[in-house]
Amino acid sequence: MSLNLLAYALFFPAMLVLAVGVAQTCHRHGRPWMLRLFDGDAAFVDAVNSILLAGCYTVNLGYIALVMAGWEPITGIEQLLATLARRMAIIVLALAALHYQNIAVLLIWSRFKQHQATGKRAT
Amino acid sequence: MTNTFVLTYLIYLPIVFGLTLYVARTLFRNGRVFMLDIFKGKADIADATNRLFEVGFYLINIGFALRIMEVDGYWGENAYDTMQEVVETLAGKVGGFAIYLGVMLFINLFLFFRGRRKARQNGITINPVPVIPQPVH
């Protein structure tokens, strides 16, 4: 078995667990925000939220699989660790970027909604 | 060693079918809420439309999955005979397909939202105005 295969075997499960964990955290803790955005319509919010969870899973896992190709031939254990770290960094940073983008969308949207509500009340 | 091409296809097909099934089921089980909104609570037409869209979703995505299945580019200097090549090719194909599927899911979600907004704009909504819950301390 080549070391590349071993690297893939280590990389994929680790990133899988990470991506699923992040997605489920977003799913669970995004719900109160969504309830605020959609005026407490729980049935609707749960529907949107679970569609978003599925989207999160497919895109993240797809990206993880996509990154998992064309690594340079790994010859030793030190190179294995270095390569793994570099490739894992790509995934972790991408997840971080998506995460902050999610938070930003929620914040901006709820600001906008608040703004609209106060504007309506004033007129 | 068995034929690595056949091995790749045999692993690829169940994965993409499973993925499509999962995404479509999630999307259209939850899409019912949108359809009921769009068709003003008429359950029969909402379910029918939902089902029609679901079948369309299956056709497009399974068609695309089959379209990109063939392993090519390995007929020249590359032999395509090691497990590493199989894993890398599969990862590329399945990963690309999963991202494509995610994009399709978000397009569908966008269309759901758009339909719901349009339905609310030009017509009387049957659903009562939802009550904003007070935060519980």
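This is a predicted model: local features need pLDDT of at least 70, side-chain atom pairs count only at pLDDT 80 or more; totals for chains, interfaces and linings use all residues.

Residues are numbered from 1 along each chain as its sequence is written, and chains are lettered from A and ligands numbered from 1 in the order in which they are written.

**Chain B and its helices**

Chain B has three helices and zero strands, giving the pattern α-α-α along the sequence. Helices here are DSSP runs of H or I with at least four residues, strands are runs of E with at least two, and both are numbered from the N terminus. Of the 137 residues in chain B, 28% count as buried. A residue is buried if 20 or more other C-beta atoms lie within 10 Å of its own, exposed if 12 or fewer, and partly exposed in between, with C-beta atoms placed from the backbone. Two residues are in contact if their C-beta atoms, placed from the backbone, lie within 7 Å. Among contacts in chain B with a separation of 6 or more, 79% join residues 24 or more positions apart.

Take α2(B) as an example: its 25 residues reach 36 Å from first C-alpha to last, close to the 36 Å expected at 1.5 Å a residue. The expected span is 1.5 Å times one less than the number of residues. In α2(B), the buried residues are B:Ala46, B:Asn50, B:Phe57, B:Asn61 and B:Ala65, and they pack against α1 and α3 of chain B.

**A kinked helix in chain A**

Helix α1 of chain A (residues 3–37) has 35 residues and should span 51 Å at 1.5 Å a residue; its end C-alpha atoms are 49 Å apart, which agrees. A kink of about 40° lies at A:Arg31, shortly before the proline A:Pro32. The bend at a residue is the angle between axes fitted to the seven residues ending there and the seven starting there. Buried residues of α1(A) include A:Tyr8, A:Phe11 and A:Met34.

**Where the chains meet**

The contact takes 27 residues from chain B and 24 residues from chain A. On the chain B side, α1 (4–38) and α3 (83–121) each supply at least two residues, and α3(B) gives the largest share, 16 residues.

The largest nonpolar core has 50 residues, and A:Ile51, A:Ile64, B:Leu27, B:Val94 and B:Leu105 touch the most other members. Such a core is a set of buried Ala, Val, Leu, Ile, Met, Phe, Trp, Tyr and Cys residues joined through C-beta atoms within 7 Å. The largest share of this core, 15 residues, comes from α2(A). Leaving out residues up to four places away in sequence, B:Leu27 touches A:Ile51, A:Ala54, B:Phe57, B:Leu105 and B:Asn108.

Most residues other than glycine have a negative phi.

A:Asp39 is partly exposed because 15 other C-beta atoms lie within 10 Å. B:Lys40 is partly exposed as well, with 15 other C-beta atoms within 10 Å.
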